[in-house]
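Subject: Structure handover

Hello,

Here is the structure for your files. My notes on what turned up follow below it.

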Amino acid sequence: MTNDKFLTIRRFNQTCVFELSWGKGQQLCATVPYPESLSTFYQEWQRIYLSYYQSALRGWIEGSGSLSTPPIDWHAKLVQAEAKLLSEFHHWLRRAELFEIRAEIAKSYQQTPLPSDNQPPPINLFLTCHSLDLERLPWEAWEIGAEWSTSDRIRLARTPVTIRQAAGTNSQSRRKKVRVLVILGDDTGLNFQGDRAAVQSLSRIADIEFMGWQPGQDIGELKLQISAAIADKQGWDVLLFAGHSNETPLTGGELGIAPNASISIRDIIPQLLLAKERGLQFALFNSCQGLSLAHSLIDLGLSQVAVMREPIHNDVAQVFLLRFLQALGQHQNVQECLIAACQVLKLEKNLTYPSAYLIPSLFCHAEAELFRILPSGIKQQLKQLLPTSKEAIALSLLTVLSLSLPVQDWLLERRVWVQGIYRQITGQISITKPPPVLLVQIDETSIRQAAIADPKPMDRQYLAKLVDKLSQTDAKVVGIDYLLDRPHGEDDDSLAQSLQAAVQQKTPTTFVFASVSHETEGWLNVLPTIASPNWSLSGEIHLLFWYMKLVSPEGSASEKLPFAYVLALAHELTQVTESNSPSVITPQLTSKTELLSQIREDFRNTQGRDYRGLFSARSQRQSITGFSYQFGQMWFHPIIDFSIPPAQVYQTIPAWELLEDSAMSPELMNVSQQVVMIAPGGYGEAGIKHEGEDLLPLPVGLGYWFEGRKTVTGGEIHAYLIHHYLNQRFVVPIPDLWMLVLAVVLGKGISSVTGLGLRVTPRNVKGKRWVVFVSGCAIYGGISLQLYITSAMLLPCLIPGAALGIYLLPISRK
């Protein structure tokens, strides 16, 4: 691998030479004095370590079989000795002479290209020590990249000086299960029950075979059985030994296989070579003093060997083995397993087993891939869920479409149109009560009859007449969908007098004026000479095509609320006032504070909440919606529900008819319970910046209810918004992308399961799959249509259905 590093350390009397090599011939060299104190501290630590763990060691050391408790506090002494050893060890390795080597190792990690998960792969540092005294040191505790905060991503493994055989190959692909050979050696003073239980935990994913000495068994026969088992024709992936062992440099280490009987690695070299050829990759010696064992087996070509460099207590060995095999069962590689097991000894068992985490080491063949148990069975089949190249192309196209806002808008409009048809066919239309909005439309006829030569801007005296007429009809909330930000002389006085007269009535009228944001001038509001914010309200009249206008959940005082939202809020407050006695929020000309501030304060004092809580939580912009704006998306942003017929949303009356009627017309019978809005009625000059701006293209969904029309006015859209606020009608579309992912998982899962059964499936099932696919889509579509009405949730159909078809329809053709 390109990020592998090789560090070789040689000692010449009182000097150590560090040689780092990597890549294509790059290398660094540093000479560092070797401190004699390090050897002294190591020998002291080793003596105290053996004194603490003086019994039940997995080596030929006399003991009683349990941890001793001598009068001397060996635990405290061992902790102190460990601290001295590691302090001297780290101080030596932090010398300035080694800075360039440490920096190069850390730099290579930082410069490694990021994979898809944005986590650089760990740096594998292969360490080779040319003397036994160096090799006994706890190199695994070296915090190499601590200066650059990368020490946890630099993985150290050891390699012996001599490696004469090439590494074996991975044979897991040829086996249904990993094969594990467990040799239980001499159990004198030991207990292997914990080892057996730990290994048995792998039985679900591995074939395990135990063997070992039985009382009365001939030693020669036992050696033959062990040799034959190692060379088994079926081969092994893992060799595990538990028992006594010892270092014997001339014979490659020896294993205690029975009381007073051992077998050396030299004795079984032919069998081990056969085992390597047949797939043996990893060996774990859960025994004492295994440096010779690791040297000899890596020399023979095994991929990795885990050993204990020092004597190991029986209980510690079982704790280590259990955690190591748990990690192995979780498909981690052996290096990660050893690190996990040592972390348990260091962090969880340090009070009981001090210094034990310093003992295990992993020796590796540098050319071999780290061994791990690959997922098999259902987990392996789950890999089949990955798309093929053709599926990936199709899904990529669907993904692009699901992220395209114009495509989403196009699909939403057609879907709302279908919802209108479904609503009418199923009879889910309710027009039993007057609609909540009355639109007073100043249309072309009204302009002509009033002899208004130029309706842009709208004549203020004409607006005053409409206000006077509405105040006579007991209208409680009136919105004026005209921008009144520029003065027009005496006409402004006429309108101001009419407005004030309406506010001074016994039952005052609450007025809401249009406001827009200007690039340089800020908010353009109604002139203070016409209406004061102390007794009137204002709201932003800009629209989103065709989404609801939401309010910020934070509720800042400087926020300008949507025009329709303010009208709905004012309507709700008048209803509260009627039912709960007079309120302090009634508009008054003598008020000294803004009316909206009065409303805000009244809600806090009487209800302990913000007035934004008056409507559904969906009327507030959610965090996920705000997050999606950054990517040009509208996730979970409620849409305007044009599937509701206009007659259920608003009534209309032309302005000229309102002024001419001497008697109360049918449209005005319920005006006190409605939101009244004076708005343009479709004349060509209506608009803020440009003529005709108020005439909007007719939404497809609304077109179902309007035959022959091609445009809709802004006032009619505001009426829908008011209706939705008052009726808590916020249809939330589930993002196409989210449902696409769900459809991919479902479709691939169904296709994989079905594909596995093709060989035993009757021919007529192929046709049935078409029926299942069509029926499933129909059922999903029906549920989606009904959820839209009953739960205000829009589940997309077309893109998820296409994704399912990508996976399911090819099966039908097989």
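One definition to start: Ala, Val, Leu, Ile, Met, Phe, Trp, Tyr, Cys and Pro count as nonpolar, Asp, Glu, Lys and Arg as charged, and the others, Gly among them, as polar. The model is predicted, so local features need pLDDT of at least 70 and side-chain atom pairs count only at pLDDT 80 or more, while totals for chains, interfaces and linings use all residues. Residues are numbered from 1 along each chain as its sequence is written, and side-chain values use heavy atoms, with hydrogens and water left out.

**Overall**

The protein chain has 25 helices and 25 strands. These are DSSP runs, numbered from the N terminus: helices are H or I with at least four residues, strands are E with at least two. Of the 814 residues, 52% count as buried. Buried means under 20% relative accessible area, exposed means over 50%, and partly exposed is in between (1.4 Å probe, protein chains only). Take the contacts between residues at least 6 apart in sequence: 76% of them join residues at least 24 apart. A contact here means heavy atoms within 4.5 Å.

**Cavities**

Rolling a probe the size of a water molecule over the atoms shows where empty space is left. The work is done on a 1 Å grid over the protein atoms alone. A cavity is a set of points where a 1.4 Å probe fits but cannot get out. A pocket is an open set with protein on both sides within 12 Å along at least five of seven lines. Lining residues have an atom within 4 Å of a point. Grid points are joined across faces, edges and corners, and a volume is the space filled by probe spheres set on the points.

The structure holds 3 cavities of 30 Å³ or more. The volume of the largest cavity is about 60 Å³. What classes of residue make up its lining? There are 12 nonpolar residues, no polar ones and no charged ones. Among them are Ile183, Leu239, Phe285 and Leu297. Helix H6 (219-230) and strand S10 (254-258) each supply at least two lining residues.

**The largest pocket**

The largest pocket has a volume of about 870 Å³. Strand S17 (510-518) and H22 each give two or more residues to its lining. S17 provides the largest share, 3 residues. In total, 33 residues line the pocket, and Leu483, Gly687, Ile688, Lys689 and Glu693 lie nearest its centre. The lining divides into 16 nonpolar, 7 polar and 10 charged residues.

**Salt bridges**

Side chains of opposite charge can pair when their charged atoms come close. The cut-off for a salt bridge is a side-chain nitrogen of Lys or Arg within 4 Å of a carboxyl oxygen of Asp or Glu. The whole structure has 19 of them.

- Asp232 pairs with Arg179, with 3.8 Å between the closest N and O atoms. Asp232 sits in the loop between H6 and strand S8 (238-242) and Arg179 in strand S6 (residues 178-184), so the pair ties together parts 53 residues apart in sequence. Asp232 is partly exposed at 22%, whereas Arg179 is buried at 9%.
- Glu444 and Arg448 meet at 3.5 Å, N to O. Both lie in helix H14 (residues 444-449), 4 residues apart, about one turn of the helix. Glu444 is partly exposed at 34%; Arg448 is exposed at 64%.
- Asp641 pairs with Arg729, the closest N and O atoms being 3.1 Å apart. This pair links distant parts of the chain, 88 residues apart. Asp641 is in the loop between helix H19 (623-629) and strand S20 (650-654). Arg729 is in the loop between helix H22 (714-726) and strand S24 (732-733). Asp641 is buried at 0%, and Arg729 is buried at 12%.

**Cysteines**

How many disulfides are there? The count is 0, taking a disulfide as a pair of cysteine sulfur atoms within 2.5 Å. For Cys16, the nearest cysteine sulfur is that of Cys129, 8.9 Å away. Cys16 is buried, at 0% relative accessible area. Cys288 is also buried, at 1%.

Glu369 lies in the loop between strand S14 (360-364) and helix H11 (378-382). Glu369 is exposed, at 64%. Glu369 and Ala167 are 202 residues apart in sequence, yet 9.2 Å apart in space, C-alpha to C-alpha.

Best wishes
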